[in-house]
Amino acid sequence: MKKYDVTGMTCAACSARVEKAVCSVPGVESCAVNLLTNSVGVSGTAKPDAIIAAVEKAGYGARLSGEKKETKKDASRNAETSGLLFRLCSSLLVLLVLMYVSMGHNMLHFPLPAFFSGNPLAVGLLQMLLSSTVLLLNRHFFVNGTLGLIRRAPNMDTLVALGSGASFVYSVCLLFAMTRSENPHALLHGLYFESAAMIVVLITLGKMLEARAKGKTTSALEGLIKLTPKIALVLRDGQETEIPASEVRENDIFIVKSGAAIPADGLALEGHGTVDEAALTGESIPAEKEEGSTVHAGTVCLTGFIKCRATNVGEDTTLSRIIRMVTDASATKAPIAKAADRVSGIFVPVVLLIAILTAVLWLCLGQSVGFALTKAISVLVISCPCALGLATPVAIMVGSGLGAKNSILFKTAVALEMAGRIQTVALDKTGTITEGKPVVTDILPAEGITPEELLALAFSLEVKSEHPLAYAIVQRARLDSVPLTPTEDFSIQPGGGVSATVSGDDLYGGNLRFIREKVALSSDVERHAEALAEDGKTPLFFVKNQHFLGIIAVRDAIKPDSREAISALKKMGIHTVMLTGDNKKTAQAIGREVGVDEVLASVMPAEKEAKIRALASKGKTAMVGDGINDAPALTRADLGIAIGAGTDIAIDAADVVLTRSRLSDAVAAIRLGRGTLRNIHQNLFWAFIYNTLGIPMAAGAFLPLFGLELTPMFGAAAMSLSSVCVVSNALRLNFLQIHSGAKDKKIRRKEKKEMQKTIHIEGMMCPHCEGRVKKILESIDGVTSAECSHATGTAVLTLSDPVSDTVLRQAVENEGYTVTGI
């Protein structure tokens, strides 16, 4: 996704216009306009020049994010932003004088210079001059509003300009009428110059308050950006040279001294020091760094001296990736925003029509032109598309920023929203619930084999494996100084075990299912293995040339926060499931220990995706994992959560990354998602309710029934405050205690009803045919599982969503089989 900075957007109608313009460009697959950050994220093959041209044709400015060169529109916008406070203060001073003349003198008889005494025309002219000054200071409303009308894309500025302009023009007409009136004093009280000025001043005040509040929503991102190191001390030709951190290249040798920021991700070559990594990991205790340790850009060396080799620089550092994730999350759009977007696209034209109908209706009911105009102006100035446009993005920005502060990185706004809707959490066991660093607990050789011989053969077999259980055996063998015998023809059977040739002998090691295929085991051996499994240990069996060698039991320690995290998920009404390749007994023992609701044992790596598909058919499902074999499941889940210490493949496949590798952070992510979703609902509710009640009240609909009405000045004040209230409400998210379950509410699970269909198929002759049909059917969206039998000639489908018979028939017949009925 490419991100573009857009200038000139003032309200949700503007963002809708920009989105429509960008989506019309050939090659654009999707785009998301963010009114909060004045940016648009675009996915697809469209060229940047075409995107920029489309935005400019719509009447706005655009450039690729990161470009340093500013256009004239950018410079103009910066000047306008810096002068906002000046315009507001100047306008307020002039408005105070105008209010003294119009309200103080005319109604309360405050004194004026002798020249104006008894001269209502002079008083009217003075009001016009003062009002003109205020309108001139805030002329951008009229310029932008008029341009919007010319381009047939009216926006919030159009509403303000029409409301204020109508008051001013009507007052000027009355002023001319005063020159020929026998009672000019009566007409003087009908002038609306102060309303025309008050409207634009109040809107400007609201914009300033809104800008200040919006600035606070990006404080987390700005804090991360400030961590970016500025300088680096590198070794060049044996000399220490200070250069900008951006010029550090991969494999450069850099030096970090006490008090200095680390300029790039790297590997410590020599030295020793303590590093403050709180900004990245949230850990308050400084980390000890020595030879072989990894260091990260943006962290600070508190004490010591470290010489490092740069491994990741520039945009590839961990800090840059975190900043990019937070920025990208704010550049995307949450699905919940679609309703507001639809309303925003037609909001301003509808309000213009309501204002016209209001004026016409009151005139038809016999009211004066002044009364009808006042009601129409009130409708124009109270209507606020900004509140609708800001309701979602401000909450997303604050939520993703709060997550980043707590080492929880949401890649998209969709992920943040989905976290708030999760009903089931599937947890990979190794490295997620457990430490992922198993240790050998028991060495149980068969008769005639010594423990040393068993460990030596297991060591030679497992040394080439990367599985955590193999690592435990290798570490134990090295600790015991066991000799290593070279192996040949090493191979891995995923989810089963390993095999190799050692000194001409065939050697096998793995789980019970794998070893049963190689040798027959006695009932005593299986009972012994079962007892180990019931203790939460994983028994590994070893065979040499059809002879059973013995069992080595391995156990993985449970993470300190796993039990508490799973308990918190259950209190939130979330169904917890543990996925593991362990045998059923071991898995159930660990499942009982940590308290999960359901255990899915003996799950092969290739089967994880199907298990997640089945869980997702019953409700919104999150998958938490860390390994390469978790990547398909992370992608299939409604929300993939990767443990930060896991593999890059898992992290790339996930929607959320936990940099601290704590399971309790997954709970915090869901809690944050719920809080953000609740905040968005509140914002949208108030934005819709405000306009739903405010517009009829401004039009005078409640005047006959309750005597309630709004003047244009109060309408303008209400419009200004509506956006400020939405942004301020979003800022409340910063006080959300995502690591505390004190305010957790248990949600009621709404499981999807599963449907079944049976397909009668001719042509399936063997298990291979069953596998082909099963694979093609399960690839269809809406099909949770397919149980195929060549013996009965049927495929029984479990469906999470309706799938037409035509789609099912075509999929099967494309594989060369005949469907006789469904």
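The buried positions in α19 are L469, A470, A472, I473, V474 and A477. An α-helix has 3.6 residues a turn, so residues three or four places apart point the same way.

The model is a predicted one. In it, α19 takes in residues 468–479, and its end C-alpha atoms are 16 Å apart. That agrees with expectation, because 12 residues at 1.5 Å a residue should span 16 Å. After α19 comes S481, which has a positive phi, near 55°.

## Overall make-up

The protein contains 31 helices and 28 strands. Along the principal axes, its C-alpha atoms fill a box of roughly 125 × 80 × 50 Å. The protein has 822 residues, of which 51% are buried. Among contacts with a separation of 6 or more, 68% are between residues 24 or more positions apart.

In soluble globular proteins, nonpolar side chains tend to be buried together. Here the largest nonpolar core has 135 residues, and the members that touch the most others are F410, V425 and L639. Helix α27 (residues 663–699) gives this core its largest share, 15 residues.

Which residues are in contact with L639, leaving aside its neighbours within four places in sequence? They are A415, M418, A419, I422, T621, A622, M623, D655 and V656.

## T158 in helix α7

Is T158 buried or exposed? T158 has a relative accessible area of 1%, and is therefore buried, the cut-off being under 20%. This residue sits in helix α7, which covers residues 156–178. Not counting residues up to four places away in sequence, T158 touches G145, G148 and L149.

Notes:
Residues are numbered from 1 along each chain as its sequence is written. This is a predicted model: local features need pLDDT of at least 70, side-chain atom pairs count only at pLDDT 80 or more; totals for chains, interfaces and linings use all residues. Side-chain values use heavy atoms; hydrogens and water are left out. Helices (H or I, at least four residues) and strands (E, at least two) are DSSP runs, numbered from the N terminus. Buried means under 20% relative accessible area, exposed over 50%, partly exposed in between (1.4 Å probe, protein chains only). Contact means heavy atoms within 4.5 Å. The expected span of a helix is 1.5 Å times one less than its number of residues. A nonpolar core is a set of buried Ala, Val, Leu, Ile, Met, Phe, Trp, Tyr and Cys residues joined through side-chain atoms within 4.5 Å.
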